[in-house]
Amino acid sequence: MKLLLRFNSEIIRKPIIAETVLETGVMLEIERAKVESSMGELVVNVPEENCRMVVEHLRKKMVDVTRLDVPITRDEVNCVHCGACVSVCPVGAISYEYDWRVKFDESECVQCGTCVNTCPVGVIKLPEN
Amino acid sequence: MVKRTIEEINEKIRDGSVHVITAEEMTSLVQEVGVEEAARQVDVVTTGTFGAMCSSGAFLNFGHSDPPIKMQKVWLNDVEAYTGIAAIDAYIGATQISETKGIEYGGSHVIEDLISGKEVTLKATAYGTDCYPRKYVETSITINDINQAMMVNPRNGYQNYNSATNGSGKAIYTYMGTLLPHYGNITYSGAGVLSPLSNDPEYRTIGVGTRIFLGGAPGYIISEGTQHNPGSGFGTLAVTGDLKKMSRDYIRAASIYKYGTSMFVGLGIPIPILNDDMAKFTAVSDADIKTTIYDYSVPRRSKPALREVSYEELKSGMVDLNGKEVKTSSLSSFYNARKVAAELKSWIKGGKFFLSSPAENLTRQSLSKPMKESQVMPLVKDIMVRNVATIRRGFSVDEAAKKIIQDRFNHLPVVDDGGKLVGIVTAWDVSKAVALSKRDSLEPIMTKNVITIGPDDPVDLAVRLLERYNISALPVIDGDKKVIGIVTGEGLSKLLARGVQK
Ligand code: SF4
Ligand code: SF4
């Protein structure tokens, strides 16, 4: 299971990953990391069976955790097909169909969350955990 | 030459022989058979749009309570509605936001809830009079409990609207949606070929009293809209309709991220083909409808215009901007605009909707003036610190440290050999570098995406940028990117404390 971990400026200097490994005994494989002075983002790979425990530990330490293997969802019935989400998607997972309906290709989605905020009618959701 | 009157068309609607097509179909038809033949065949062309139209709302009459109340303030689901009218009338505006939920829920959501038949909490306060003694009322109502619910939208259906992009280094959140940094995307809002006023650009058939489709119900144009500016192709409409008859398919609440609430309004106007000219106007195509792409990162009244673009290009999904292919997307639903035009067409064909002659034509002379400001706003150049110390990019961290101590500046803009701004270092960056023994060059420690401001920008803008990006200083640069001053948060607060008024 891939997890996206976001660290805010208050916790970014703490050795949270090391602590979590020690406390849970689960190896966290870091796939991608972006650390700046005010924020940090890590993508880690966690064995499926330990995922829940690791997520709980990280959340207690104020890390913002998103599960990346669960695709975003869109309530199609309530979508107004405005297209506000189309051009903000960095990987082109959202596009217009021939009849100007907006379609999502979940397999392309990298769960960046940009479209979630962009939707004016709030029909796009990232998985809760 | 075809000549037809509205009465003749209405007669055809009555006897079922009327020929109606949508504006999109008309464009193809004229391309196939020519203007004259199309004018001969077609009686009515229907248009449609479904965009976020902020300037919308509804007048509601709640009926009298017992004892009665002269509402001085009223809230519907914690969204304040305007009550400076008679005792129990109020106007709920689409962009008024909830006092408890913020921009997640606003006037447009109240309207959508009413249309959907949901219960809405009504609270009102008053000062109490002999005839209206009550001072407070709280109740739960649905749209069926209120007397009148009249949608009255002062500015809908822009003939044309700007297209937006963002040339700055950070994402911005505007009423044109999320705009990604470095011209990362372009957004537009308009129905192009289906746009009502673009199909009658000289307002020959559209005027006061024109019967229209509004929110899924019949409605009327009541006058030109606010900010009506036909000279530059920015005509607008003020419209009204019965909220009780509207449908959630055509009225939807919107909450635009970090901006506020707005309302998607489905609006359609039938255009009678009275003669060949009208056939020619309604043959307009996406390629003919042009708009301008503006850089919305400049939060001033005049934004830099980047290029003119047609709806055909915008709808292709990619636009060339200075040699870069930029993704485009719309904020207004073309899918739903088509539904509006098709629905209106079916009403007319089915004999349920008749056309009206305007009581008066819309003016083509109006201009939209900027605000007259009687107080001169202080500009950045009036308050900036001019003798700002800068450092060349090749210098070392130690040299920067010396300069910071010597000149007592916390911020040191970094410039190239030509004196142009390339970065900024702060006292904090420098001490961190010293502590970590990374003293060789400034390059790795400086911030490269510097937020800057111009000397002629208003001080309010400097304050907004400092807050928005959570930074403590802004280098002031001229047109050549040369640093000519600096404004700091600290400096500004001192000035504000002294109550600077130029
Ligand atoms: S979450 Fe990101 S990647 Fe996925 S569809 Fe939305 S914008 Fe595209
Ligand atoms: S922004 Fe929301 S409503 Fe608009 S097309 Fe995307 S999912 Fe649908």
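Tutor: On a 1 Å grid over the protein atoms alone, a cavity is a set of points where a 1.4 Å probe fits but cannot get out; lining residues have an atom within 4 Å of a point. Grid points are joined across faces, edges and corners, and a volume is the space filled by probe spheres set on the points. The model is predicted, local features need pLDDT of at least 70, side-chain atom pairs count only at pLDDT 80 or more, and totals for chains, interfaces and linings use all residues. Residues are numbered from 1 along each chain as its sequence is written, chains are lettered from A and ligands numbered from 1 in the order in which they are written, and side-chain values use heavy atoms, without hydrogens and water.

Student: How many cavities of 30 Å³ or more are there?

Tutor: A probe the size of a water molecule, rolled over the atoms, shows where empty space is left. With this rule, the cavities of 30 Å³ or more number five.

Student: How much space lies in the largest cavity?

Tutor: Its lining has 13 residues, with Cys89(A), Ile94(A), Cys109(A), Cys112(A) and Cys115(A) closest to the centre. The space in this largest cavity is about 90 Å³.

Student: Which cavity is the space taken by ligand 2?

Tutor: A molecule sits in a cavity if more than half of its atoms lie within 2 Å of its grid points. Around ligand 2 are 14 residues (a heavy atom within 4 Å), and Cys79(A), Cys82(A), Gly83(A), Cys85(A) and Cys119(A) come nearest. The space that ligand 2 takes is the second largest cavity.

Key:
1 Å grid on protein atoms, 1.4 Å probe; cavity = no way out; pocket = protein on both sides within 12 Å on 5 of 7 lines; lining within 4 Å.
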